Amino acid sequence: MVVKVDTANKLKYCLKRKAGRSIIERRPIFSPDGESVAVIVEDIVHVYNVQTCELVRTLESETPIDGFVGIEFPQNEDYNLYGCSKSGLVTIWTWDKGAVLRDTHLQIPANLIVLTFDLINENECFITGAGGSYSKNIHYASYSIKTGELLCEYGTRIWNTQPLIKVALGWNNDDRFAAICNGTKSLYIQSIYNQNTSAIFYNFSEYRIVSVACHKSINTLAVTDTLGRATVIRGNLYDIRNAAKEVFHWHCLPPMALCFSMQGNYLYSGGVESVLVKWTLGSLAYKAAEKSFLPRLPGLVRYITTNNTHIAITLTNNSIVIANAQMHAVGTIAECGGVSPTARTLEPVLIYQHKLGALLMHGPTGHLQLYSTTSNKVLYNIDITGQNRIQPERWNLMPLQTEITCASLSPNGQWLVTSEYRNDGFMYPEERLKFWTINQNNKQKSPFLMNTCINLSHGGCRVVALAFSYDGKLCVSSGLDQKFRVWEFDCSNNKRGIWVCLTACYYSSGVAQYLSQGILNNFKIGHSEPSDDFTQFPYMKEMRKDDPVKKLANFHNEYTITDDRMSAGSCSNSENEMSGLAMSRDGSLIAAWFGCKLTLWDTYLCTLRTSLSHPALRPKGVDVKFGNNDAAHYLVCTTESCLAVWSLLSLTVKWLVQLNPMALCSDLLSNKMAVVTSNNDIHIFTPHSSKPLMSQQRVSDPNLGVFKKCAFGASTKDGVTLYLLRNDVEVFSFEPEKTKEGRLESIPHSNAPVSKFSTLLAEQQLSAVRRGAPVDTLASDVDATSSAAISNISMAPPYMTPPVSLLCTTFLQELAGQEEPKDDEFTDLEEKMNVDQSSDEEDDVIKLNGPYAPRATELWTPNYEAVKAKKLNRILEDPFIDLHATSSLFGI
Amino acid sequence: MAQVSFPFKKTNKAIFKKPASVLTHDIIYWKKLGLPVLVKEFGAIDYLDFSPVEPYYFAATCSVRVQVYDPVTKVVAKNISKFVEAAYGGCFRADGRLLVAGSEEAAVKLFDVQSKNVLRVFTGHTGPVHRTFFTKDQLKIISYSDDKSVGLWDISTEERIANFNEHTDYIRAGAASPISPDIILSGSYDHTVKLYDCRSNETIMTVNHGSPVESTLFLPSGGIFISAGGTEIKVWDIFNGGKLLSNISQHHKTVTTLRLASNNSRLMSASLDRHVKIYDVSTFKVVHNIDFPNAILSMAISEHDDILTVGMIDGIISIRKREEPVRQSEKRKNLLKFIPDHTSQTKADTVEVANEVKINKKQKLPDCDVLIRKMQFSKALTVVLRPYISVKYPEKTTAVIQELLRREVLRVAIENLEEKFIGLLLKFLISKLGETRFTRTIVDATNVFIDIFEGKINMFSPENLYLYKCLFKRVESEIKVCKSIAELEGAINLIMAGAQVSNTDVYELNDTIAPSTKAQKDIVIDV
């Protein structure tokens, strides 16, 4: 798979999953001792501590599987954990050691995918499944865990409504039964041991049942329906019509999650309102019908799990909130992602923050997330919009929230700029640009403080790109109003300083903002009234195409909810539409795409310097970046179908490659750049040549997801780290392969005792035990210590410090990373000339003198005439496009 | 139960806040002019002029002498008193070595500043000469006299080259074109401003200012001139046949002097109403105002805006010197200034920490937020519609309306309003429709309002019906205003394009002029 182009580079790169895996797909469970909570993360079980919410350990199956569907502790054998995979492989772990005790393949029908897994007791389990011959109706049956045999398959046909199927196992007078709901008005109750004993309960007034829960030991069952009611049923559950019922109604939207407390005195429910409600059941007569709330959870509630002391609430923002019995949130198990469906349709954000060693990306609605790449943890959720989430209503189940459309970080890490946008097609669009400064004095509290907020910075049109100058003193923003604005940090007025608009530049008539936003031009037509009669909403009783309840149940990976809403009312005019934007390293030039025209502007005079166009760049540009270091005179740009490099000295295309770039990024500290294509090829190159330094094809299957964004991480001496964001908000890292020593702990492949003798051996030998060392919890600590070390070394007298050649290269690079941008233009000029006076000569010098040879320019006084002649020669001789070389190398 | 883990956020009203007393660049810039030093002279200060070369001496013409002051020490450096009667309009040449002044005795005299000698005496006028200037080539002198004539004199031969007798009243203002040595301007008390071409000796253009003209000025492009008189300042376009581009009416008494400052990007006007006002040349908007203790007759400002001198009717000259000299950034000298958008500053918001639960003190939410949290939208609306809030803090009301709009519940909230509050809502909509910071939200809210009550207008009480009609009219007038503003914007853009020319000419003036015979005869004994 790996195609290595540069043979000199011996590094082997590999793709690693970094973060953003879904931890909310399945219901978590508490361990029997109540100390930890086990969470299914695809094919692994993560165990988190309840108090600290830290990942304690992971449990894996022996054979590779395609994801677990359920885990459970049997009631009378609670020292073992049972888990079942999608393909019906039951794995049993011992809880204290995490060793795999046994694997059993359930003999399920071919091609069946298990949907739910519930333990009847330690020997038997109840599963539902669909697929294969069971496409229309589901397969539900009990199996033996010991042998994997089918014990009993039940007959009543239950319609397969995939994400809505929920199963609960309960007791009815010493008889086990399974209650199954599938999002219709009927609830199926099936005795487990008696195949023929079953009942169907139709909900009152035919409202659809969305969730079901049973108590572990008492004859109690609870259901919720689309009206928002929770009904608790007691008595003979095969004859629900005559059983005792208790109705709790606070929710107005379908409660998706339902759970009894351990003792059965309380019922927890939660759903689309993002509120956890704790109901007191009738059995506690002295405080009957009392309820308490945990409101404003950061996402929709998917699952609720309880034990005696804690509640775990699984939310759609890819986090699990742990609350105590008093309904106070005590911690959050957070994972990257959890981006709302609207934000998924937007251009994602992925920026590497060098100071914190963290990635900045989209978080839950209105938030940005800082994810530490060193400790692999979500450090902060930064509230950008500062608004409450808009509550869904019956007529508006998925309201449009204000989303962050764009964000950028200044190269020195000092400033963050964000743009937020909301356009529902009825109101005037809201759009705000916010500048945040890094919070230096109090690192623990919040990483960014708001400095300036500009309302309607682009007249209510969406901002599409943001870029900072290298020193962070200037910022440019481009919007759909076909203008870009230059912002300057101005601290003349007060101490803190604010960002002010220097100027707005436009390539066309400059009236595009009125043309691009229909809402600014047209008469408004009043929209239909939301009906007060809630019974009219069809989703409450019937399941139709595009069922909203289904979408809510699948909220965390839904793509189709609000596709068109963010662009409501806008009529695009791609002729001069703006996209990418960049500022040169010295801050004197701005490059901006206007349609297929790449324009260059003078930053200070705000005048158009030149506009570049090429037939291959039609119809529309996407991204643009200036080269860094010795490639500062190159401009790299991408369109939907090609990657091109312009030389700013000759204003010609240096080279051009036909591929489908998805994202382009450049390394701050070197001249390297990376491009990711739509079939997940990664090319790392320098603007100097079309021959990539490293290129790897199809690093992951494009059918699973396409990389939409990339960012360079901290690079080492010879290798680079590239972070990639897939369209399902999972973060990958593309880095040199490491040896096994680098790993934190090596996981033994089989934990099962092999022989009697081996049980006698100590599990760990004293000599092998590593001394415990405090773990750096926050990357900022690393940063602090490193900067202290740097200052230590730089303060020390020269005769005390080790020779420079002995200092490790990363340290030197750390120092190099803090260099101030050169501000006088002469050095820049010299740099360019240095490039011009041909790299092949320089190469020879370097080969002669080794890597520490002085640079040629330092010894050589520039002969301007010669350089000029050489430059002219070069421009004349160079072919404009090196198509031969490029096509062969990129394999096209 | 108050939840501390996931706090309810306050409705953000900051975006609708008035950009209250924003400290603009101009205010800070002009505030840096230090405290005034007052100098008493005899008689009203008729004219002030700065020498264009360092050390920027300035000449103050008052009663029978021209005093040349040192702006640093504020004492008289030179005293030119070769006048029998009152002197008027002492003006420096571009190299600061010569000075010309008119006088009550109808003669125009040219002095050497260094030696205070009279070099030339131009006789021929029959009335007092109030203003005198050098032409662009610095070889000729223009004089404006009360005998209703404009004279053009050659310095070297001391002869009158041209004479224009077209005005019907005193001529008290004029200017020489900055782009041509042959074009001059005169403003008279007969309300007209005339433009002459000295090559053909004819009047090219006449415009009517509407009141006696006290001062005139060319913009450096030479295509636009400005006249002041009465309480108004008017901007005229020469190339457009004398089209009136703008009419600035900011003073309430006669405007006496006009000057350009800040590298010709600011216009200054002084008036008898004791104010000096500073305008942006691109927009002609007032950017700053300086108050003085008495009616101002004359004003001058030095290069780089370092010293501002103002002469008052009671003979006092106020000298204000900048504390620190301005550093002009070269790179943005010619940049067209754009007005920045409303930039509001808000305090940093708190940031939620993912893995930590903050137990902060219980903060009391405002009433309207509590009601929004409890989903009592109608009540929340009534709270903010109360006159106290809606008049004093309209941004709060608007922010709540916007929040209700976002939640798509404004309809519900308005439907459940009592009659009285519907009236209040209408009043709020009427009064705030025109304020730009609110307009967008108000228009949205009005749309919802009309959607609801479209068919039920007749059920309104008479007061509300009246208010509804008012709203209707208000919308119409607002549309009209918008249209005229759009037209005006287009017109102003034209001026802005014209005002971007720099003038840096260098003259070779190494001539040494010996006193003429007429000048030698003219002996005035200083009393």
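Of the 527 residues of chain B in this predicted model, 53% count as buried, a term that stands for under 20% relative accessible area, with exposed meaning over 50% and partly exposed the range in between (1.4 Å probe, protein chains only). The secondary structure of chain B amounts to ten helices and 28 strands; helices (H or I, at least four residues) and strands (E, at least two) are DSSP runs, numbered from the N terminus. Of the contacts in chain B with a separation of 6 or more, 49% are accounted for by residues 24 or more positions apart, a contact being heavy atoms within 4.5 Å. Residues are numbered from 1 along each chain as its sequence is written, while chains are lettered from A and ligands numbered from 1 in the order in which they are written. As the model is predicted, local features need pLDDT of at least 70 and side-chain atom pairs count only at pLDDT 80 or more, whereas totals for chains, interfaces and linings use all residues, and side-chain values use heavy atoms, with hydrogens and water left out.

Helix 3 of chain B is largely enclosed by the rest of the structure, because eight of its nine residues are buried. The buried set consists of B:F377, B:S378, B:A380, B:L381, B:T382, B:V383, B:V384 and B:L385. These buried residues pack against helix 2, helix 4 (387-392), helix 5, helix 6 (410-415) and helix 7 of chain B. In the loop between helix 2 (367-373) and helix 3 (377-385) of chain B lies B:M375, which has a positive phi of about 65° although it is not a glycine. At 36% relative accessibility, B:M375 counts as partly exposed.

Helix 5 of chain B, one of the packing partners of helix 3, covers residues 394-406. From its first C-alpha to its last, this helix of 13 residues reaches 18 Å, close to the 18 Å expected at 1.5 Å a residue; the expected span is 1.5 Å times one less than the number of residues. Twelve of the 13 residues of helix 5 are buried, so this helix too is largely enclosed by the rest of the structure. Among the buried residues are B:P394, B:T397, B:V400, B:I401, B:L404 and B:L405, as well as B:E395, B:E403 and B:R406. Just after helix 5, B:E408 takes a positive phi of about 55°.

Further along chain B, helix 7 (residues 419-432) and helix 8 (residues 436-453) pack at an angle of about 140°, with their axes 10 Å apart. Axes here are lines fitted to C-alpha atoms, for helices over the stretch in contact, and angles run from 0 to 180 degrees between N-to-C directions. The two helices are therefore oblique to each other, given that angles under 35 degrees count as roughly parallel, over 145 as roughly antiparallel, 65 to 115 as roughly perpendicular and the rest as oblique. In this pair, B:I422, B:L425, B:L426, B:F428, B:L429 and B:K432 of helix 7 meet B:F438, B:I442, B:A445, B:T446, B:F449 and B:F453 of helix 8.

Turning to chain A, 56% of its 892 residues count as buried, and its secondary structure comes to eleven helices and 56 strands. Among contacts in chain A between residues at least 6 apart in sequence, 50% join residues at least 24 apart. Chain A averages a pLDDT of 80, and 76% of the residues score at least 70, pLDDT being the predictor's confidence in each residue, from 0 to 100. Over residues 740-750 of chain A the pLDDT is below 50, and this stretch has four contacts in the model beyond near neighbours in sequence. Where pLDDT is low, the predicted coordinates should not be read in detail.

A:S274 sits in the loop between strand 23 (266-270) and strand 24 (276-280), has a positive phi near 65° and is buried, with a relative accessible area of 1%. A:G299, in the loop between strand 25 (291-294) and strand 26 (301-306), is likewise buried, at 3%.
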